Amino acid sequence: MLQRSSEGYRILIVDDDDEMRESLETLLQSAGWKTKTVPAADAVLQLIEEFEPEVILTDFRMPGMDGMTLLANLRQLNAPPVILMTAHGDIPMAVEAIQLGAFSFFEKPFDPRRLLEVLASAVVQNRLSDMNNDLKARLSRMSKLDRIYLGDSEDAKQLRDRVLEYCEISAPVVLTGETGTGKESLARAMHDLGVRASKPFLAVNCASLSSENFEERFFGPDGSGTGFLGKVRGGTLFLDDVSVCADQVQAQLLRVLQGDRISQEGSSAGCENKIRLICGSNTSLDEAMAAGHFQRELYFRLSLVNLNLPPLRSRKSDIPMMFTNFIDEFASVYEIVPPELTHDDIAALLAHDWFGNVRELRHVAERRILAARRGQGTVAEAISPNENGIEISDTLRGAVAVFERELIAKALFAHQGRMEVTAEALGIGRRTLNEKIVKLGLDKEQVIKKS
């Protein structure tokens, strides 16, 4: 996070008045600044390379090169912000200098406190601008996988390395991580970067599977081959939330995946088992198996390779880069100039807990862009769009989803996550409750802790 203290900021002071230079140097050094002073503008360009000032404070009228000429020369370089000191008669020219790119100007004599505030503000804004430019440059250099799973943290780098290692093989993979960490996106990346890239990729929500519809969903009506397996033949099947499968569904899934051929129960016909299987789970399959909720045989069939996606709150250093990427993406969609991140924006991003992970970060970025279209908004307001923290949708479907999400979250908290009791209180079946929890992106454990 950028600091608000001016400790260590570097300033170059340009003034032909010896007393003024000494007075300014004393003031700024007492406030923690690192200073360099020169009596004429001619030496500024060389000192920029040697001293690397973060702001330049210069008199307007000086022998030789004046402040306006200095500003014009600095505009051709990647120079720090310039603040001018002027006499009363120079104010119209100082205003012109602002229009040409000067950060601000002060009329002599000036208030020392106000001067320190403006100088510090110039440095902070310049640092933010440099950071935003750096983030955009790094994003433009990124590979496809880098863009799908953004970040420079060790967690992000290690996960990308493992994905690249496993995308060329056909072994089944289990991706675990909280809701919203990007399991489906990473599964699709493994498919796109592997040998099956030209074949189909199909994502299936396991919460929608039951023992009654299993055969039809996987094989098609009457074994017509139009089910999941027929659609994805030769490609990748992603089974999301596999841990919510009922015992009977787990047994059916295990039978389908065993052996070198896939065949429907009661049928002698079949096809070669040539699919890549990737599974996603919000909870650890090891723990589910140990608790007796997940079949041991199916566990060993699915989890030859396990990759864990860490929650966003454990890699906060990646958040500014990710948010910048999403802001640029949505700015392009909504055809506006992306707003620059401010000091307060970054502070809000890093202070938030992000229980909704990357999915929540994307939603916040989109809300920020929608507000920017109206010339309004901050990141803090996008994180908490209203007093109750409930996102208001412009569509009926979206509003219903928001209402359902809040209602189910409150019921889960009230009944401490007991699914049977929660479903009964809501007047729906447990299977329907499971489906809605998955569809609405609710993390039951986090809801219970946070509420």
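The expected span of a helix is 1.5 Å times one less than its number of residues. In this predicted model, helix 14 covers residues 319-333 and reaches 21 Å from its first C-alpha to its last, close to the 21 Å expected for its 15 residues. The points below take up this helix, then the aromatic rings and the cysteines.

**Helix 14**

- Helix 14 is largely enclosed by the rest of the structure, because 11 of its 15 residues are buried.
- Among the buried residues of helix 14 are Ile-319, Pro-320, Met-321 and Met-322, as well as Phe-330 and Ala-331.
- Phe-326 also belongs to the buried residues of this helix, and Arg-362 lies over the face of its ring, 5.0 Å from the ring centre.
- After helix 14 comes Glu-335, which has a positive phi near 55 degrees.

**Aromatic rings**

- A pair of aromatic rings is described by the distance of the centres and the angle of the planes.
- With a limit of 6.5 Å between ring centres, the count comes to 6 aromatic pairs.
- One of the pairs joins Phe-106 and Phe-110: the ring centres are 6.1 Å apart and the planes stand at 70 degrees, so the pair is edge-to-face.
- Phe-106 and Phe-110 are both buried.
- Tyr-299 and Phe-300 also form an edge-to-face pair, with 5.1 Å from centre to centre and 75 degrees between the planes.
- Tyr-299 counts as buried because its relative accessibility is 7%, whereas Phe-300 counts as exposed because its relative accessibility is 52%.
- Phe-214, Phe-218 and Phe-228 are linked into a cluster by ring pairs.

**Cysteines**

- A disulfide is a covalent bond between the sulfur atoms of two cysteines.
- A search of the whole structure finds 0 disulfides.
- Cys-245 is in no disulfide, and the nearest cysteine sulfur, that of Cys-206, is 3.9 Å away; the cut-off for a disulfide is a sulfur pair within 2.5 Å.
- With a relative accessibility of 7%, Cys-245 counts as buried.
- The sulfur of Cys-279 has its closest cysteine sulfur in Cys-206, at 6.8 Å, which is too far for a bond.
- Cys-279 counts as buried as well, because its relative accessibility is 1%.

Conventions: Residues numbered from 1 in each chain as written. Predicted model: local features only at pLDDT ≥ 70, side-chain atom pairs only at ≥ 80, totals over all residues. Heavy atoms only, no water. Phe/Tyr/Trp six-rings, centres within 6.5 Å; stacked < 30°, edge-to-face > 60°. Buried < 20%, exposed > 50% of the residue type's maximum accessible area, 1.4 Å probe, protein only. Lys NZ or Arg CZ within 6 Å of the ring centre and 35° of its normal. Helix = DSSP H or I, 4+ residues; strand = E, 2+ residues; numbered from the N terminus.
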